[in-house]
Amino acid sequence: MVHSKLFEPFDLGPIHLANRAVMAPLTRSRATSDGVPKDMHVEYYRQRAGAGLIISEATNISVEGRGYAWTPGIYSDEQVTAWKKVTDAVHQEGGKIVLQLWHVGRISHPDLQPGGAAPVAPSAVKPEGKAFTEEGFKDHETPRALEESELPRVVADYVKATRNARAAGFDGVEVHSANGYLLDQFLRDGTNTRTDRYGGSVENRMRFPLEVVDAVVAAWDKEHVGIRISPVTVMGGSSESDQQGLFNAYVEELAKRDLLYMHVIEGQTGGDRGKDGFDYEAIRQRFGGVYMGNNDYDLDLALERLGEDKVDLVCYGKLFISNPDLVARLELGAPLNEWDKDTFYGGDEKGYTDYPALSQEERARYAQAA
């Protein structure tokens, strides 16, 4: 048996976690075309309820916020009803789950937008790469800059989504302010070229993301709202001339909100953890609350950073895809299943709910061997 804080209970505000291992939000593109989770979502999340906390796959707050085919939403009654089955299943297994609130901004395509409209963004800056549509990958197009008068409508979508998440039985919500999506686009000077009070200075560029955070907190409370950031992301061609300065300032503002946690992608998602020499300790100290580390964590890195009090919670992504009982396997020193990358996005139960968990006999054998 591996002995570590990773496997010990942790009180995340009012949410009692059985351990400190978190299942990261993982886009799997298996909902209906209308963004409704299916029965296989219920089984998928139920299987992984051994995580101390599950963060749901990124979930669209509106049709406008959608950027990938077959991703779920939280803006319709049908979606709320379907998600309620998921949260009930996780809770029945003793797990906890929060919903990640998502608006992709410019990282979309007219095929995914209401009436074939252009995606919206802080500014009309075309992203790099391709969009995943129901007809396959298509080049991104130049988005339409949101008018200042439209921003309250977008905030209202976050508020409705928050209330719907609560109605669906989630234990909280996570504001997605990372990975080059809408809120991150407002933050960065490479994607925000506005000349009104939402562009220009760092203070102005932070204004809209902070308005969203404040509205989400008002719709629930600060003890049920976390946030995700990715200071050095280059997804979609994101850029920022002063990453450290921007995120030091942003986190100082977030700290004033006393949020449930700060979920930080350290380095490039799935890539270099040390990119650009960003000082994550500087933002951890500024935040002062629960710090959740994410990106390329294995057991050794988790034990090291938890032991040094550099993180409070550890996020695992792909390992949870192929190991529904990941926490038990790590604690027992049991071998891990390998994932099938070809089944990550889209499809059916194959590569989704068919990865094996350890049997009771196997668990007993590994425990005895340890």
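Helices (H or I, at least four residues) and strands (E, at least two) are DSSP runs, numbered from the N terminus. The model is predicted, with local features needing pLDDT of at least 70 and side-chain atom pairs counting only at pLDDT 80 or more, while totals for chains, interfaces and linings use all residues. Residues are numbered from 1 along each chain as its sequence is written, and side-chain values use heavy atoms, with hydrogens and water left out.

**View 1. D296 lies in the loop between β14 (291-294) and α8 (299-307).** D296 counts as exposed because its relative accessibility is 58% (buried is under 20% relative accessible area, exposed over 50%, partly exposed in between; 1.4 Å probe, protein chains only).

**View 2. A salt bridge joins the side chains of D309 and K5 (2.7 Å, N to O).** A salt bridge is a side-chain nitrogen of Lys or Arg within 4 Å of a carboxyl oxygen of Asp or Glu. This pair links distant parts of the chain, 304 residues apart: D309 is in the loop between α8 and β15 (313-316), and K5 is in the segment before β1 (10-12). D309 is partly exposed, at 46% relative accessibility, and K5 is partly exposed at 26%.

**View 3. E266 forms a salt bridge with R273.** Their closest N and O atoms are 2.8 Å apart. E266 is buried, at 1% relative accessibility, whereas R273 is partly exposed at 23%.

**View 4. E253 sits in helix α6 (residues 243-257).** Apart from neighbours within four places in sequence, E253 contacts M206 and L210 (contact means heavy atoms within 4.5 Å). E253 and M206 are 47 residues apart in sequence, and their C-alpha atoms are 8.8 Å apart in space.
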